Amino acid sequence: MRGLLLLSLALPLSAGTTRIYVANTEGDSISIIDPAANRVAGEIKVSKNPHAVILSPDRRRFYASSESQDVLDVIDASSLRIIRSVPLGRRPNNLAITPDGRRVYVCIRQESWVDVVDTESMEKVKSIPVGRNPHNVYLTPDGRWMVATSMGDNKLTFIDVRTEKPDFEIPLPGVPRPVVMDAAMQRFYIQLSKLHGFIVLDFPARKVVDKVLLPDGPPGARPLIPDTFSHGMGIAPGGKTFWVNSLLDNSVSVFSLPDLKRLATIPVGRGPDWMTFTPDGARCYVSDAGSDAVSVLDVAAMKEITRIPVGRIPKRIMTVEWP
């Protein structure tokens with residue numbers, strides 16, 4: 001069956017086909033979900049303990065980081081096979097790619113830098129200092145900076161994509177976890193360790209202007225990940241609602257934008273970790289790390305409609321619409 005699934009996904013997809021990709025961090029695969037049927041339609045075999053997966057802008061390659069093997073897997077998007085595993089520093093975490101597809105940035109958790117991989121040579125070409133224990137890296141909506149979070153130094157480092165050097169830093173009042181930016185780059189929404197909610201950073205002013213708490217978890221609740229009470233957020237297509245995971249309450253809270261009024265709280269599986277939306281904004285997919293599943297949420301109704309079994313400890317998740 002596995003061979004048939006791999007073969008079916010290696011065949012060309014029809015125009016407008018959407019797929020959801022989720023990294024199974026305690027295994028060696030990326031599960032591929034067909035959102036039309038809400039089932040796993042195939043998988044990509046990768047190195048052990050994949051932390052994250054991204055797709056190149058030209059849709060020719062996937063890239064996946066392996067926390068335990070200290071490599072970046074380069075995967076041909078047509079055959080779904082690894083064509084190169086690039087050696088990196090210790091414990092690579094989240095990754096991002098430049099708009100031209102020429103560079104992949106990878107946070108190196110056990111070090112104090114971001115490794116940069118040249119996608120033509122498929123080799124690491126430099127390491128950029130960003131502070132201790134970098135965890136997540138993001139390309140800003142305008143394509144100007146890569147933003148790296150430093151868990152050891154409680155800050156964001158903005159790397160100029162053109163010069164590949166740190167441009168400036170923004171200190172934070174805690175250990176940064178996931179970050180979400182609005183399209184206009186006016187607000188950054190940032191989750192912190194031991195905070196059951198998120199802070200709001202006014203980017204033009206370079207300062208924190210708000211803190212929003214989620215509903216209290218049940219008495220004695222313990223998060224799946226130590227000191228991580230809220231992990232994973234997303235702005236729904238259209239920019240009118242903001243969705244936030246709770247590991248204390250095993251739920252997703254929905255807020256209106258820009259006023260951040262809570263509209264609903266939706267129960268999901270254990271340990272909701274990351275999320276992604278379908279391009280039409282009709283569905284939200286949430287990786288339930290503690291349930292080895294992905295919750296499917298109806299965005300308009302603000303409720304869970306099904307749960308899809310995937311691999312062990314699913315976390316980073318993304319949507320791809322094939323043209």
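The model is predicted: local features need pLDDT of at least 70, side-chain atom pairs count only at pLDDT 80 or more, and totals for chains, interfaces and linings use all residues. Residues are numbered from 1 along each chain as its sequence is written, and side-chain values use heavy atoms, with hydrogens and water left out. The chain has one helix and 28 strands. Helices (H or I, at least four residues) and strands (E, at least two) are DSSP runs, numbered from the N terminus.

**Overall shape**

- Along the principal axes, the C-alpha atoms fill a box of roughly 45 × 45 × 35 Å.
- Of the 323 residues, 57% count as buried. Buried means under 20% relative accessible area, exposed over 50%, and partly exposed in between (1.4 Å probe, protein chains only).
- The chain exposes about 13,400 Å², and carbon and sulfur atoms supply 49% of it. Areas come from the Shrake-Rupley method with a 1.4 Å probe; for residues, only the protein chains shown count as cover.
- Among contacts between residues at least 6 apart in sequence, 43% join residues at least 24 apart. Contact means heavy atoms within 4.5 Å.

**Nonpolar cores**

- The largest nonpolar core has 28 residues. Such a core is a set of buried Ala, Val, Leu, Ile, Met, Phe, Trp, Tyr and Cys residues joined through side-chain atoms within 4.5 Å.
- L156, F158, F188, I190, F203 and Y285 have the most contacts inside this core.
- Elements giving two or more residues to it include β1 (17-24), β13 (145-150) and β26 (293-298). Strand β17 gives the most, with three residues.
- Another core, of 16 residues, lies apart from it; Y21, V46, L55 and A64 are among its members.

**Aromatic pairs**

- The whole structure holds 15 aromatic pairs. Rings of Phe, Tyr and Trp (its six-membered ring) pair if their centres lie within 6.5 Å; planes under 30 degrees apart count as stacked, over 60 as edge-to-face and the rest as tilted.
- F168 and F203 have ring centres 6.4 Å apart and planes at 35°, so the pair is tilted.
- F168 lies in strand β15 (residues 165-171) and F203 in the loop between β18 (197-202) and β19 (207-213), so the pair ties together parts 35 residues apart in sequence.
- F203 is buried, at 6% relative accessible area.
- F198 and F242 pair edge-to-face, 5.1 Å centre to centre with 75° between the planes. F198 is in strand β18 and F242 in strand β21 (residues 241-246), 44 residues apart.
- F198 is buried at 0% relative accessibility, and F242 is buried at 0% too.
- W145, F158, F168, F188 and F203 form one aromatic cluster.
- The charged end of R206 sits over the ring of F203, 4.3 Å from its centre. This requires NZ of Lys or CZ of Arg within 6 Å of the ring centre and within 35 degrees of the ring normal.

**An exposed loop residue**

- R102 lies in the loop between β8 (92-97) and β9 (103-108). At 52% relative accessibility, R102 is exposed.
- Not counting residues up to four places away in sequence, R102 touches V117, D118 and T119.
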